[in-house]
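Welcome! Here is a short briefing to read alongside the model, covering how its parts meet.

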2 protein chains.
Amino acid sequence: MSSGSVGIRDVAREAGVSVTTVSHVLNDVPFARVSPETREKVRTTAARLGYGPNRLARALRSRRSGVLGLAIEDVATTPHAGRIILGAEQAARARGYALMVVNIPAQAEADAGPQPALKSSPEPGQHATDPIQAGVESLLARQVDGILYAAGHRRVLQPSATPGKVPAVLLDAVAPDRSLPAVVADEYGGAAAAVEALLAAGHTRIGLLTTAEENHSTRQRARGFRDALQRAGLNGASATGEAASPDASGGYAAARRILAAANPPSALFCCSDSLAMGAYRAAAELGLSIPGNLSVVGFGDEELLAANLHPGLTTVAVPHSEMGAWAANRLIDELESAAAEAGPTPPTGGPDPVRLGCRLVTRGSVGLPDTGKRQP
Amino acid sequence: MSSGSVGIRDVAREAGVSVTTVSHVLNDVPFARVSPETREKVRTTAARLGYGPNRLARALRSRRSGVLGLAIEDVATTPHAGRIILGAEQAARARGYALMVVNIPAQAEADAGPQPALKSSPEPGQHATDPIQAGVESLLARQVDGILYAAGHRRVLQPSATPGKVPAVLLDAVAPDRSLPAVVADEYGGAAAAVEALLAAGHTRIGLLTTAEENHSTRQRARGFRDALQRAGLNGASATGEAASPDASGGYAAARRILAAANPPSALFCCSDSLAMGAYRAAAELGLSIPGNLSVVGFGDEELLAANLHPGLTTVAVPHSEMGAWAANRLIDELESAAAEAGPTPPTGGPDPVRLGCRLVTRGSVGLPDTGKRQP
DNA sequence: CTGAAAGCGCTTACAG
DNA sequence: CTGAAAGCGCTTACAG
């Protein structure tokens with residue numbers, strides 16, 4: 001904390017005007033009438049002295065801290081967290097806001113039943129015992145202007161209270177009553193795009209590799225897959241493997257089952273890159289080369305996996321950075337429209353969550369369907 | 001920004017005391033003499049009203065924001081960033097501090113030559129063009145009490161100025177003149193531990209897989225490897241492969257070269273998990289099973305890779321979370337000792353960077369040396 | 001043991 | 001077109 005200790009008063013004295021005028025000029029206050037010469041003089045003086053406003057003082061007086069709180073689940077274990085932070089921070093900074101981050105321990109998926117709550121305090125003055133609340137409260141106690149809540153796994157979230165509190169935007173989650181703006185990835189569309197790439201390459205027997213334990217993501221991906229097939233006049237997957245565990249070893253076992261069947265698929269759509277990695281091993285053991293004998297598409301674009309596999313895995317990228325940026329911008333829009341008294345919530349991002357498109361990243365795992373002549 | 005709008009004045013009125021007394025009690029001001037009854041009354045009243053201090057007001061008055069700035073390079077692309085943030089945020093929160101995060105674009109490695117600068121402003125009042133400066137300045141403008149600077153890749157950093165500015169702690173980097181406290185991972189020791197595990201399993205011909213383009217990390221890892229061998233009475237790697245690219249395909253080609261040589265090593269120490277992934281593929285193509293015919297150890301413990309490989313990769317974990325926590329605690333120590341007028345810098349973490357130990361994570365890629373009877 | 005008062009550095013009605 | 005003054009909600013000497 002220092003900022004150089006040159007204050008608005010120094011600028012005023014040096015420029016021979018009042019602090020009011022300095023404040024008006026430097027903040028471009030709309031209705032302030034100041035002569036161009038005075039404006040110039042103030043600006044020059046401020047620059048010469050290296051003046052920067054004390055944001056704390058400004059925040060205290062104006063009741064706006066210019067800080068966004070980001071509550072992010074499992075920052076350490078999900079590889080997406082970094083991209084979300086990047087997108088949110090850059091967007092916020094571009095608009096003059098800063099980002100305060102707290103980690104929230106990941107919650108179990110809970111599409112039904114008791115919901116994790118995005119509320120601020122159980123009883124006023126009590127310390128929160130719920131880690132979600134503790135995190136959000138610590139943000140609120142810091143006078144953030146609004147909160148970005150990024151769920152580790154997409155799911156329904158209950159903001160059972162934000163009463164009299166700050167605005168919030170959900171990221172990779174939706175409020176059960178749709179009461180909060182939310183942004184999610186269009187995983188359904190991403191899956192469809194992956195299938196279409198496979199169809200375009202000529203595949204008609206396409207298998208699905210998913211996880212036995214469903215969650216919102218795998219459901220959307222599997223649905224996108226099935227609907228795309230249907231649109232192409234193909235009914236359903238030619239084989240479906242459900243991995244017992246959502247990792248490469250689960251994918252391996254499930255892929256072995258699929259590929260060992262009679263008339264196996266010539267391509268595999270995998271609901272995650274980890275599963276796809278398992279499919280690579282299964283293919284190798286069965287003497288199937290990728291993409292010569294088998295095409296594979298993953299989901300997630302985990303670079304560490306996808307780019308390191310051989311051949312590189314063609315997969316669907318989830319736009320985490322864009323989602324972070326969208327959420328930050330949406331929150332700031334709301335804050336600034338509220339400040340401008342222009343009504344509480346602009347129409348953008350109304351009841352339905354905004355879906356941001358997933359992009360297919362083409363590497364080397366998709367080829368033409370195997371003609372039957374298997375390489376030795 | 002709201003915090004419920006119940007202020008210290010409300011508590012004072014309700015409890016029938018002055019705001020001074022409330023402040024003294026709630027902050028446990030050392031030299032304040034307040035009767036136990038009054039203390040109790042103030043505490044109860046504050047709790048009942050759900051009072052929480054406005055940190056902005058406190059910060060403005062006390063000139064301490066209670067916020068740590070974390071400038072982190074490449075938050076989106078390095079998988080370590082999340083763990084650093086987690087460690088730093090938790091440690092900070094535990095001591096009543098919050099964490100403000102800015103992303104810094106990664107810099108090229110620069111052990112010599114012009115250094116990236118951790119300074120605050122080129123010319124007062126000018127906008128910084130250097131992205132590092134821009135990030136650090138945006139933190140400083142927010143009145144953070146101190147700065148944590150986390151480099152993406154360990155390297156020497158020049159804090160060519162922090163003049164009159166806040167204290168800083170370096171993470172995964174050192175200042176050229178050792179002027180700033182710093183914490184790094186003991187990669188040298190981690191590599192030695194990996195080698196020792198291989199030696200303990202009985203290996204004597206151990207190859208080294210590293211990258212052609214050296215950086216501080218690979219140098220330390222290779223040195224740790226060589227010195228551990230030497231201590232065991234073995235002179236040097238039985239083979240060294242330098243990967244043209246620091247990824248799996250580079251590791252693959254280099255591993256092929258090593259393993260194709262006459263009298264190849266029975267174990268491979270790889271300077272990264274990506275390289276190790278390439279070694280797996282090389283081994284598979286050569287008909288070598290892991291760990292039956294070849295043992296492999298990686299470095300980094302990238303779970304997405306290490307746990308998904310088959311067999312699971314035994315590898316060295318870098319304590320990023322602990323480093324984040326250490327750095328935050330070190331910074332807070334400095335802030336609080338400065339506040340207590342107890343001299344500027346406590347002896348902890350003096351000129352030399354503190355090295356935090358790397359842990360060997362055992363999965364399934366290390367076994368006994370191949371006896372020569374190769375599986376069919 | 002307790003309180004009245006100044007002041008952190010700004011912004012914001014308000015007066016002229 | 002410009003400025004004097006109040007006040008955001010605290011902490012901190014200081015007085016009693």
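Buried area is the accessible area (1.4 Å probe) that two parts lose on being put together, summed over both. This is a predicted model, in which local features need pLDDT of at least 70, side-chain atom pairs count only at pLDDT 80 or more, and totals for chains, interfaces and linings use all residues. Residues are numbered from 1 along each chain as its sequence is written, chains are lettered from A and ligands numbered from 1 in the order in which they are written, and side-chain values use heavy atoms, with hydrogens and water left out.

**Where the two chains meet**

- Chain A and chain B bury about 4,900 Å² between them, with 60% of it on carbon and sulfur atoms.
- Contact (heavy atoms within 4.5 Å) links 60 residues of chain A with 60 residues of chain B.

**Around DNA strand C**

- Counting a residue as near when one of its heavy atoms lies within 4 Å, 24 residues surround DNA strand C, and the closest are A:Arg61, B:Thr20, B:Arg33, B:Arg61 and B:Arg63.
- Of the atoms of DNA strand C that come within 4 Å of the protein, sugar and phosphate account for 57%.
- A polar backbone atom of A:Ile8 is 2.8 Å from a phosphate oxygen of DNA strand C.
- For B:Arg61, a polar backbone atom is 3.3 Å from a base oxygen of DNA strand C.

Methods. A polar contact is a pair of N or O atoms within 3.5 Å; within protein, one must be able to donate a hydrogen and the other to accept it, and residues adjacent in sequence count only if both atoms are side-chain atoms.
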